[in-house]
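Dear colleague,

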Amino acid sequence: MCAAFRVAVALTRVLYHAAAGSVLGVARVLFAAANERCVRCVNQAALGRSVTGTFCGDLLVEAMAHSWRVLMQGLTSLMFLCARADEYVRRPPSPLVLTAHDKPAAHPQQVHISTVGSNSMRISWVTDDRNAPSVVEYGKSRGNYTVSTTGNHATYRYFFYKSGAIHHVTIGPLAPSTTYHYRCGKAGDEFTLRTPPASLPIELVVIGDLGQTGWTASTLSHIGGADYDMLLLPGDLSYADTQQPLWDSFGRLVQPLASARPWMVTEGNHEVEALPVVGFAPFVAYNARWRMPHEESGSASNLNYSLDVASGAAHVVMLGSYTEFEQGSEQYAWLEWDLAGVDRRKTPWLLVLLHAPWYNTNQAHQGEGEAMRAAMERLLYDARVDVAFSGHVHAYERFTRIYDNEADSRGPMYITIGDGGNREGLALKFLKDHNSAHLSVFREASFGHGRLRIVNETSAVWTWHRNDDEYATVRDEVWLESLLLQSCPWCWSCVKYSVHDRL
């Protein structure tokens, strides 16, 4: 038996006792020793060399890898079990839809795009060949690439998993509402993207807690079945939960849509992947793979940022539920600064996305967003945020406009849309006697996706599309009026002039 495997067994025993009482220092030392031996064994086996006098062949390495996966899955399950002991019972999980990659190592995969500033796009992809070039060629007609732009790439390690080369290249300036054809790394397939419009109307798809199941595939099919300009995702993307190859299969699953329209995401609890006992920092995979335009929006963290759409007609703020948010924190100071810079005469629509909902009448995840609400709700209210989207609860729920647990026409409309298709199933139980039940307008535990079509400076329509097998059925629809008028301290003539001028 490999010495590393014996250490892993010892580590399991230590962690069991640590969960009850706790010697984190001992666990950390044992893990470091075991991980170092496993990585060394894997590396030596790849070179065909002996370790401690015994050849570590492919079968042994594979067995070790399986042992580590089982151990990590057990630790993850233990943490979730401790956190969710009183939670609801979900439906049986849907099987994963794992998307394989059977093309050459230099062939780009997991291609997705995101907006950067007012007229640029970041193209991101992965290659198994870690020496493949980080270059994007693009143009307005198929196969005719008139511009070539170079970026950079990096890798990360999680236990003995080492990612492929993760490439990021920013292209532009690009014209609005324009179709471009592009190729990544001078190899592989040609992709096609369309840039968002420079003015209203604009259509935004909103979907949370996506995962990679049969339910997910249905949701993605419904999204792709109707046109849209940009997708917003308030956390919980791949549900890899420390199993890093699931990040790769997720990237391949969403590639057909994510390579064609910008996907703007923020993190959820399933992106954390931190193991404090053994020293793994949070968000390593998420930050490496899904780079968002935080620098361009003045944020020091990839976990919170903002962007303008339709030339600033709408301002979208992405917040991090799993990083510090209290008054005095970096995120709080950034949010206060960002919202203060929004001129509602020029930006009639203000949207916020975060993962853990501040208002929730479902039995699942009760109170988990309360601390963040208490810290930040006043900032959103004073800025007259129009809509706040969240995920986390695997169901759909729409509230009226609220401030501080009371109906308030000047507060945001809160919408929970954590129903993308994750493997954990639906949050089926809504609480009829919840103290916010009178504020909840529509709620249903079904999978689906939402669309916000901002028609003009004052009006938008929100629709929620439930997954009915091969059909997407509109189950909830509401017209929204921008809080522009309540944000502008001037007069009707000011607003009317602005609307007329932009139309």
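How many bridges join E24 to strand E25? Seven bridges join E24 to E25 (residues 459-468), and the two strands run antiparallel; strands are DSSP runs (E, at least two residues) and helices are DSSP runs (H or I, at least four), numbered from the N terminus, and two strands pair if DSSP finds at least two bridges between them.

This is a predicted model, in which local features need pLDDT of at least 70 and side-chain atom pairs count only at pLDDT 80 or more, while totals for chains, interfaces and linings use all residues. Residues are numbered from 1 along each chain as its sequence is written, and side-chain values use heavy atoms, with hydrogens and water left out.

A hairpin of four residues connects E24 to E25, and Arg451 has Thr463 in E25 as its bridge partner. On E24 there are also five bridges to strand E13 (residues 202-206), again antiparallel, where Glu203 is partnered by Arg453 of E24.

Turning to the helices, H7 (residues 330-340) and H8 (residues 370-382) pack at an angle of about 15 degrees with their axes 10 Å apart, the axes being lines fitted to C-alpha atoms over the stretch in contact, and angles running from 0 to 180 degrees between N-to-C directions. H7 and H8 are therefore roughly parallel to each other, a term for angles under 35 degrees. In their contact (heavy atoms within 4.5 Å), the residues of H7 include Tyr332 and Leu335, and those of H8 include Met372 and Leu379.

Best wishes

Technical notes:
Angles under 35 degrees count as roughly parallel, over 145 as roughly antiparallel, 65 to 115 as roughly perpendicular and the rest as oblique.
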